[in-house]
Amino acid sequence: MSDDWHPRTRAVHGGVRRSQYGEVSEAIFLTQGFVYDSAEAAAQRFEAAGEDEFIYARYGNPTVAMFEDRIAALEGAEDGFATASGMAAVSGALMSMLKAGDRVVSARALFGSCLYVLEDILTRYGVQVEFVDGTDLDQWRAAISPGTRAVFFESISNPTLEVVDITAVSELAHAVGATVLVDNVFATPVYSDAFAQGADVVIYSATKHMDGQGRTLGGVILGTQEFIRKTVEPYMKHTGGSMSPFTAWVLLKGLETLDLRVRAQAGSARALADALQGHAALARVLYPGHPSHAQHALVQAQMGGSGGTVLSLDLSGGQTAAFKFLNALTIPVISNNLGDAKSILTHPATTTHQRLPQDQKDALGITPGLVRMSVGLEDAGDLIEDVMQALEKAQ
Ligand SMILES: *Cc1c(COP(=O)(O)O)cnc(C)c1O
């Protein structure tokens with residue numbers, strides 16, 4: 001791979017390991033283990049496995065290695081470790097680096113399972129976790145102090161699409177020697193420059209845009225070679241959250257079309273955000289790429305102006321209107337994945353964020369009328385027409 005290659009070229013050719021057959025499409029090495037030429041060779045490999053020498057699929061596998069190298073190349077990371085799901089990546093990155101007595105500062109607006117890992121699991125092992133409003137730099141400044149070991153946030157929060165200033169928060173964290181871990185799902189690799197902006201570790205659920213067609217669960221932890229091989233790999237390979245070779249193959253194919261899909265979906269999301277501004281049935285239209293977003297300038301600087309593929313709509317008529325709206329749609333489906341070719345809507349207050357007490361829902365802006373829409377690859381005009389007719393029925 002050439003250092004001059006642009007992301008789209010890396011996403012197609014990065015990480016390829018061809019077998020002796022010279023296959024064009026990457027091979028699926030659907031094997032748990034590897035045969036050694038001799039007892040001595042086995043002993044030698046366990047002592048120190050060389051480049052492209054594999055031992056057991058929980059430790060590594062050629063198809064999984066292709067995926068890891070391709071996404072690392074795309075994101076501009078030194079290295080990556082592929083995991084069984086996005087949550088295996090989030091929990092693995094945090095658990096592998098933290099110990100009892102460490103302090104973590106995290107944004108409060110998090111995906112439900114991320115919140116559970118930080119609030120319920122890490123604290124059980126003696127890690128101290130402090131939550132802040134991710135959009136408020138003063139709160140980050142007050143919470144990050146000498147002794148803070150790690151800082152964690154979603155670069156765009158789910159479902160209210162608040163944006164965290166990666167550069168500013170990283171500066172505060174680095175001043176006290178803390179590691180910055182960014183869950184970057186909503187930004188997508190296409191619009192992300194998180195490493196250049198200061199992130200030390202970038203985490204993706206590959207289930208979302210990288211697959212993009214609703215087939216697999218997967219995740220990846222990206223960082224320096226030192227962090228991935230010395231901290232993450234020993235934890236992951238011994239605790240069992242590794243990615244399946246079949247999943248890695250699906251995701252390799254997904255990465256080849258990622259840029260085209262994400263740009264098309266983000267274009268349609270913007271078109272919907274434009275069309276829905278000021279609609280009588282809506283109290284709010286939240287889309288980071290629209291000038292009406294409270295952090296539009298930050299989005300311009302951090303994501304090259306695109307707001308990603310997800311928007312959230314707040315129906316003035318509350319939950320009754322939101323349910324009527326969802327039930328009246330004919331093209332998008334009601335489900336909770338995102339980044340998919342199919343447009344998907346969900347009602348966070350009663351599904352993904354149901355577990356949260358009311359005061360936390362209020363604090364996070366998860367109102368009864370809020371619906372999250374992941375915009376797919378359908379014709380944008382069809383989607384706008386369908387959303388408009390469903391809003392009409394919801395009023
Ligand atoms: C979906 C998601 C995850 C978890 O990913 P899974 O692949 O479902 O385990 C973590 N963080 C964010 C922001 C997500 O959207």
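Lys 230 and Glu 226 sit four residues apart, about one turn, within helix 9 (residues 225-239); helices here are DSSP runs of H or I with at least four residues, strands are E runs of at least two, and both are numbered from the N terminus. Their side chains meet in a salt bridge at 3.9 Å, N to O, the term denoting a side-chain nitrogen of Lys or Arg within 4 Å of a carboxyl oxygen of Asp or Glu. Lys 230 is exposed at 60% relative accessible area, and Glu 226 is exposed at 54% (exposed is over 50%, buried under 20%, partly exposed in between, with a 1.4 Å probe and protein chains only). Salt bridges with shared partners also join Glu 68, Asp 79, Arg 229, Glu 233 and Lys 237 into one network.

The model is predicted, with local features requiring pLDDT of at least 70, side-chain atom pairs counted only at pLDDT 80 or more, and totals for chains, interfaces and linings using all residues. Residues are numbered from 1 along each chain as its sequence is written, and side-chain values use heavy atoms, leaving out hydrogens and water.

Across the whole structure, 21 salt bridges are found. One of them pairs Arg 70 with Glu 26, whose closest N and O atoms are 2.7 Å apart. Arg 70 belongs to helix 3 (residues 62-75) and Glu 26 to the loop between helix 1 (7-13) and helix 2 (39-47), so this contact ties together parts 44 residues apart in sequence. Arg 70 is buried at 0% relative accessibility, and Glu 26 is buried at 7%.

Asp 102 and Arg 149 form a further salt bridge at 3.7 Å, N to O. This pair links distant parts of the chain, 47 residues apart: Asp 102 lies in the loop between helix 4 (86-97) and strand 2 (103-107), and Arg 149 in strand 4 (residues 148-154). Asp 102 is buried at 8%, whereas Arg 149 is partly exposed at 30%.
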